[in-house]
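Subject: Structure for your review

Dear colleague,

Please find below the structure that I am handing over to you. My findings follow it, and I would be grateful if you read them with the model open.

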Amino acid sequence: MINQVVQDEVPVAGDVPRVRGRAIVVTSGKGGVGKTTTTANLGTALAALGASVVLVDADVGLRNLDIVLGLEARVRHHVLDVLEGVVTLDEALVTDKRVPKLRLLAAAQTREKDDVDTAAFRDLIGTLRDRFDYVLIDCPAGIEKGFVNAIAGADEAIVVCTPEVAAVRDADRVVGLLGDDRKVELIVNRLRPALVRKGKMLSVDDVNDILHLPLLGVIADAPDVIVSTNRGQPVALDPASEVGESYRAIARRITGQDSAAPEIPREKTFLGKLFGGRS
Ligand SMILES: Nc1ncnc2c1ncn2[C@@H]1O[C@H](COP(=O)(O)OP(=O)(O)OP(=O)(O)O)[C@@H](O)[C@H]1O
Ligand SMILES: [Mg+2]
């Protein structure tokens with residue numbers, strides 16, 4: 001049984017109050033826009049900065065956060081096992097050996113989103129907030145029960161949106177459903193600067209003319225994201241990857257270590273392509 005803790009400061013050994021962690025849901029409305037990729041990379045980057053982080057896969061029935069993190073072989077138990085008292089929370093948490101401050105709580109693959117009780121899931125997120133600096137929740141697509149569960153315990157949200165009209169419209173709907181009590185920020189994912197310049201893709205401003213959200217970051221459409229995903233090695237761990245650096249910059253912005261405005265990926269010049277750097 002998980003007890004919900006409602007106070008904002010939790011007493012720990014020696015009675016030194018510990019500030020509760022932040023629970024951030026990564027959501028979008030539209031499917032396939034990069035929620036799981038974002039959750040995995042921001043979690044990895046935050047943990048690499050020294051924060052304690054737990055990633056919660058709320059996509060019950062269609063889990064894949066474990067695969068993107070390369071941890072699928074180590075998952076023994078899932079969130080429903082914890083909620084149903086089959087195992088303890090500690091038995092279900094998987095540690096990422098590459099980034100020891102990162103934990104994963106996997107989703108059940110063979111169960112339905114409707115099997116999850118919203119209040120119990122909210123309580124679980126509350127329990128995790130008492131133990132971790134950051135609780136990142138990977139939300140399923142859509143606005144049904146899985147979405148309702150995923151946002152229930154989150155006091156903040158990151159809306160991931162690709163520069164496509166359908167994604168923007170769905171994101172707008174989700175922003176309305178998130179309500180006014182949460183901090184909500186935007187990540188524009190899969191931007192292709194050359195297409196924007198040619199007028200064939202929405203720009204970041206076009207997207208945000210509709211959504212009107214504080215911009216947390218912009219991620220380029222980059223083949224290394226797909227390659228790293230297939231390897232189970234988040235690109236945020238690759239010091240040479242520009243898109244990895246974009247995720248690391250967002251993590252610094254989340255922790256407050258970086259207050260500069262997000263950088264918008266630019267088109268590479270011929271020389272930039274030749275030397276692999278941004279120009
Ligand atoms: N910046 C990017 N550049 C290139 N490919 C990307 C990028 N972000 C995500 N992808 C790819 O897009 C696909 C969908 O990503 P992901 O699974 O993270 O989306 P999702 O929103 O979680 O999807 P779902 O709604 O099904 O849960 C994956 O193949 C992923 O590798
Ligand atoms: Mg996903």
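What percentage of the 279 residues in the protein chain is buried? Buried residues make up 45% of the chain. Please bear in mind throughout that this is a predicted model.

I begin with the overall fold. The protein chain contains 12 helices and 10 strands. If one takes the contacts between residues at least 6 apart in sequence, 75% of them join residues at least 24 apart.

The sheet comes next. An open sheet is formed by 8 strands, and their order is β5-β6-β4-β7-β3-β8-β9-β10. The pairing in this sheet is mixed. At the edges stand β5 (94–95) and β10 (215–220). Each of these has a single partner strand, so one side of each is left without a neighbour in the sheet.

Strand β4 (residues 53–57) and strand β7 (residues 134–138) run parallel and are joined by 5 bridges. Within this pair, V56 has I137 of β7 as its bridge partner.

Two helices lie across the sheet strands. Helix α5 (residues 118–131) lies across β3 (22–27), β4 and β7, and runs at about 145 degrees to β7. Helix α6 (residues 145–152) lies across β3, β7 and β8 (156–161), and runs at about 155 degrees to β3.

I would also draw your attention to C161, a residue of strand β8. Is C161 buried or exposed? C161 counts as buried because 30 other C-beta atoms lie within 10 Å, where the cut-off for a buried residue is 20 or more. Leaving aside neighbours within four places in sequence, C161 is in contact with residues including S28, V33, A167, L186 and V207. A171 is also among these contacts; the C-alpha atoms of C161 and A171 are separated by 6.5 Å, and the two residues are 10 apart along the chain.

Finally, I turn to the ligand. Ligand 1 is surrounded by 19 residues, of which the closest are G31, K35, T36, T37 and A141. The elements that give two or more residues to this shell are α1 (35–48), β9 (183–191) and α10 (223–231). By class, the shell has 7 nonpolar, 8 polar and 4 charged residues.

Yours sincerely,
A colleague

Note on methods
Residues numbered from 1 in each chain as written. Chains lettered and ligands numbered in written order. Predicted model: local features only at pLDDT ≥ 70, side-chain atom pairs only at ≥ 80, totals over all residues. Pairing = 2+ DSSP bridges. Helix = DSSP H or I, 4+ residues; strand = E, 2+ residues; numbered from the N terminus. Contact = placed C-beta atoms within 7 Å. Axes fitted to C-alpha atoms, helices over the stretch in contact; angles between N-to-C directions. Buried ≥ 20, exposed ≤ 12 C-beta atoms within 10 Å, placed from the backbone. Near = placed C-beta within 6 Å. Nonpolar A, V, L, I, M, F, W, Y, C, P; charged D, E, K, R; others polar.
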